[in-house]
Amino acid sequence: MKILSWNIRGLGNPRMYLALKKILQVHGPHLVFLCETKLKTMHMNEVSRKLNYENCFVVSSIGKGGGLALLWKSETKLQIKSFNQHHIDAEIVMENEKLIRCTGVYGHPDMR
């Protein structure tokens, strides 16, 4: 299973969208965790569809900052276990029926 995690620093930027699209085409990850998308749920779902990811779980940005997204292909069996403004935690069923945990985390360096 291929997994991509990227602090995209604003997916509304056309250059970042094109860079992400190219990476996805070249490497074909099954699962993509994006942080600092700076997008609301509806817009991120639209982006996910354009990138050919059938499934998308979004934690919307607050104002002009933050925002998380987990994208995955339809053949990936995934269940969201928990989330907040700083993480998305998921359980994935592998082809051999074993479970793995995947947690994407985003936080400021000065967390107290």
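I began with terms: helices (H or I, at least four residues) and strands (E, at least two) are DSSP runs, numbered from the N terminus. Two strands pair if DSSP finds at least two bridges between them. The model is predicted, so I noted its limits: local features need pLDDT of at least 70, side-chain atom pairs count only at pLDDT 80 or more, and totals for chains, interfaces and linings use all residues. Residues are numbered from 1 along each chain as its sequence is written, and side-chain values use heavy atoms, with hydrogens and water left out.

**Entry 1: strand S6**

I looked at S6, residues 87-93. Five of its seven residues are buried (under 20% relative accessible area; exposed is over 50%, partly exposed in between; 1.4 Å probe, protein chains only). So the rest of the structure largely encloses S6.

I then checked its partners. S5 (residues 77-84) pairs with S6 in the antiparallel sense over seven bridges. Phenylalanine 83 stands opposite isoleucine 88 there. A hairpin of two residues joins S5 to S6.

S7 (residues 99-105) also runs antiparallel to S6, through seven bridges. Histidine 87 stands opposite valine 105 in S7. Five residues lie between S6 and S7 in their hairpin. In that turn, glutamate 97 has a positive phi of about 70°.

**Entry 2: the cores**

I searched for nonpolar cores, meaning sets of buried Ala, Val, Leu, Ile, Met, Phe, Trp, Tyr and Cys residues joined through side-chain atoms within 4.5 Å. The largest has 17 residues. Leu11, Leu20, Leu34, Met44, Leu51 and Leu71 touch the most other members. H1 (14-27), S2 (31-35), H2 (41-50), S3 (55-59) and S4 (68-72) each supply at least two residues. H1 gives the largest share, three residues. Another core, of 13 residues, lies apart from it and includes Val59, Leu68, Ala90 and Tyr106.

I listed the contacts (heavy atoms within 4.5 Å) of leucine 20. Leaving aside neighbours within four places in sequence, leucine 20 meets Leu4, Trp6, Ile8, Leu11, Leu34 and Leu51.

**Entry 3: glycine 10**

Where is glycine 10 placed? I found glycine 10 in the loop between S1 (3-7) and H1. Glycine 10 counts as buried because its relative accessibility is 6%. Threonine 37 is 27 residues away from glycine 10 in sequence, yet their C-alpha atoms are 4.7 Å apart. Not counting residues up to four places away in sequence, glycine 10 touches Met16, Glu36, Thr37 and Lys38.
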